[in-house]
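This report describes a structure in terms of its overall build, its chain contact and selected local features. The sequence and the structure are shown first.

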Amino acid sequence: MSNVKLGLLVFWPTFWTGFPIKMVIVFLLLTAHIHPWEGTGLAALLLLSIPIDIWALGLCARTVLLERLSVEPSKGMGLRLWAQWAVFSVVYLPMLVFVMGGTKALAISATEATVHFVEESFMVIPVAEKITLELLMWTTPTTIVLIALLAGWMFGLGTLTQRVVRASTPVSGSFQDMVYKWDALRIPKDQPLFLTAFTGVGVVLVVLFWGLLPVSTPHPHEDYEFIDVKKVERKIVPKDVIKSAEKVLARAEATIKELEKENPTGDKTKDEKTPAAKEEPKPSPK
Amino acid sequence: MSGHQDPVNEPNVFEKVVDFVDERVGLKTLQAKMLNEPVPGGSRWAYAFGSVLLFIFILQVVTGILLMFYYVPSTDHAYASTQYIIHEVDYGWFLLSYHFWGSSAMVVMVFAHMSQVFLWGAYKKPRELVWLVGLALFGIVMGFGFTGYLLPWDQRAFWATVVGVEIMDKTPLIGDFMARFLKGGPTPGQMTISRFFVIHVMVLPAALMGLAGLHIFLFRKAGPAGPFRGTPEELKAKTDYFFPRQIWKDIVAMASVFLIICSLAFIEPVVLLEEATPDPGDYHPEPEWYFLFLFQLLRLKIFGGELGQFLGSIALPGAFMALLAVLPFIDTSPERNIFKRPASLIGWILVMLMILVFTVSAIINRDFLD
């Protein structure tokens, strides 16, 4: 098996095995308003990722070695291999980023110069076509360089893994036996204990989540503030309501008595109208 | 002593309840049918996409119902009620943002699921109907995205709908009717929001539930396809039941997707633009991100004019969907290994690259509009 393939075969499942656990950490950091991609958040994430990666790498590498190469690695392989991978990646990945930055800048400037030359010499390219053309022109070489560099990284990881393979002991037995063997790696010895611990961690995480989650939006609108026009609530005190009602009734009674004194017979002339009748609605303007 | 029963063997209360229900509904038979499905070649992460889709849909229903407690589907109140959800309702901002990102996750997961089925050659005989119903489900998911996008009633929602309905209008024979039916007037208004709301919360969920049930039934009837390579000895050695390993993988995949959606809700929560008006002002109308590639494609000179617009917006996507529908009937070769089906592999890569390149182009194009 080539070193690139071996590196990829171990790296790919290792990444995805650790990913869900790291996502839990990322999300809890986010709910606590700590950005996991800068400062303290990033440091915490990287630090907590170390044991997760060691465990995931040990599990996945052992499985690949058993399934694909029929060899049994020695104990503690996860830590040893992780340390070797980490040293190599610390040297290689910054170099990858540096080379990629240079390649991208070069590809973009070459693309701009080419498109400029074509437009000056031959024809004006419409905006939509120009965008896609430029994008394809600079991303194609950049992607090829990126794939080559990633293959180089996988080659390095694979080479380090090959050293572990050479130091391992061959496994005899049928394919079925090996399947049982790597399957057993994933099954905890004490399953009820595992399920209890898993459920307990789940409960703690849910409590932490709801405890840390902001009740109202931590992201108010940039341009305007939400203004909720709330109606002024009037407090209703039953005694006061009864008192005011009694006052209104008393005033009404006094008014009626006055009206009765003014016109004891109850006759109405055409000119004299009751106060209520005097307030006729005015005709609406047309 | 006769009649003495060992207390250890006596069923406890829980077991008695289970027995009671089992006697009446056949719980244990159902459980055995659900969990003891043999998975050829053993459990795989690649098989988790379908379960994850179902999980996202269930959470979309839950968050959607919670949002409906506050949302008012009218042009007068849709925007204000959405604002109220974001600013005033306890955890409302999170629910809305989760629902928003959940819809995008559903589209991504549909693409992933369809790609996996295509690359694994799992659409081939005897799984043609599973594939066809899956395509219909894909259409429903797109419909969910389209109808839900209008509901916040801000400028982005309004103009995405205008663009979408205009594209639909170009369909021959039924396009004009469809556009008029959805809008209910010359411009999106009360009729549009009412119709989109009803389609979004009643018609599409009912259709999706029915078709998803049919999809699962047909899948269980045909059985899982299994990996496309490996010797019969290897496949037999690794074959396993659905429970517990595939269920465990599904749960981990669901938890991961849930955490990704939650994180996106935190990093990029829903922020409304100005309230919808028939005047776009400074806003440049564009559809949802998963239709951006098509939108950008229509900006190319080759798709200019009436005929070009029809070709780009209706004829080509329609032909592509028709090709997907007839795929199991024209690709009758039993070969499932994608590395031995170069045309399929190259075709898939080209389609994915086209979607990626034109989506990024549409994002870059925004700078030229400003």
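## Basis and overall build of chain B

The structure is a predicted model. Chain B contains 14 helices and 2 strands. Along the principal axes, its C-alpha atoms fill a box of roughly 90 × 55 × 40 Å.

Chain B has 370 residues, and 32% of them count as buried. Among the contacts in chain B with a separation of 6 or more, 79% are made by residues 24 or more positions apart.

## The contact between chains A and B

Chain A contributes 27 residues to the contact, and chain B contributes 35 residues. On the side of chain B that touches chain A, at least two residues come from each of α4 (78-87), α5 (92-119), α10 (232-238), α11 (242-267) and α14 (342-369). The largest share, 8 residues, belongs to α11(B).

Sorted by class, the side of chain B that touches chain A comprises 21 nonpolar, 7 polar and 7 charged residues.

## Helix α1 of chain A

Helix α1 of chain A covers residues 3-31, a total of 29 residues. The distance from its first C-alpha to its last is 41 Å, close to the 42 Å expected at 1.5 Å a residue. After α1(A) comes His33(A), which has a positive phi, near 60°.

Which residues of α1(A) are buried? They are Leu6(A), Gly7(A), Leu9(A), Val10(A), Phe11(A), Thr14(A), Gly18(A), Lys22(A), Val26(A), Phe27(A), Leu29(A) and Leu30(A). These buried residues pack against α2 (39-69) and α4 (127-166) of chain A, and also against α11 of chain B. Helix α11(B) is also the element with the largest share of the side of chain B that touches chain A.

## Helix pairs

In chain A, α2(A) and helix α5 (residues 175-186) pack at an angle of about 175°, with their axes 10 Å apart. Angles over 145 degrees count as roughly antiparallel, and α2(A) is therefore roughly antiparallel to α5(A). From α2(A), Leu59(A), Arg62(A), Thr63(A), Leu66(A) and Glu67(A) take part; they meet Met178(A), Lys181(A), Trp182(A) and Leu185(A) of α5(A). The residues of this contact divide into 5 nonpolar, 1 polar and 3 charged.

In chain B, helix α6 (residues 128-150) packs with helix α7 (residues 155-169) at an angle of about 135°, and their axes are 7 Å apart. This angle makes α6(B) oblique to α7(B). Here Phe146(B), Tyr149(B) and Leu150(B) of α6(B) meet Ala157(B), Ala160(B), Thr161(B) and Gly164(B) of α7(B). The contact of α6(B) with α7(B) has 5 nonpolar and 2 polar residues, and no charged ones.

## Cis peptide bonds in chain B

Lys125(B) and Pro126(B) are joined by a cis peptide bond, with omega about 10°. Pro126(B) is located in the loop between α5 and α6 of chain B.

A cis peptide bond also joins Phe243(B) to Pro244(B), with omega about 10°. Pro244(B) lies in helix α11 of chain B.

## Loop residues

Ser70(A) is not a glycine, yet its phi is positive, about 55°. This residue belongs to the loop between α2 and β1 (71-72) of chain A. Ser70(A) counts as partly exposed because 14 other C-beta atoms lie within 10 Å. In chain B, Leu173(B) likewise has a positive phi, of about 65°, although it is not a glycine. Leu173(B) sits in the loop between α7 and α8 (175-183) of chain B.

Why does Leu173(B) count as exposed? It has 7 C-beta neighbours inside 10 Å, and a residue with 12 or fewer counts as exposed. Ala167(A), in the loop between α4 and β2 (169-170) of chain A, has 12 C-beta neighbours inside 10 Å and therefore counts as exposed. Ala167(A) and Leu9(A) are 158 residues apart in sequence, and their C-alpha atoms are 19 Å apart in space.

Note on methods
Residues numbered from 1 in each chain as written. Chains lettered and ligands numbered in written order. Predicted model: local features only at pLDDT ≥ 70, side-chain atom pairs only at ≥ 80, totals over all residues. Contact = placed C-beta atoms within 7 Å. Helix = DSSP H or I, 4+ residues; strand = E, 2+ residues; numbered from the N terminus. Nonpolar A, V, L, I, M, F, W, Y, C, P; charged D, E, K, R; others polar. Buried ≥ 20, exposed ≤ 12 C-beta atoms within 10 Å, placed from the backbone. Expected span 1.5 Å × (residues − 1). Axes fitted to C-alpha atoms, helices over the stretch in contact; angles between N-to-C directions. Parallel < 35°, antiparallel > 145°, perpendicular 65-115°, else oblique.
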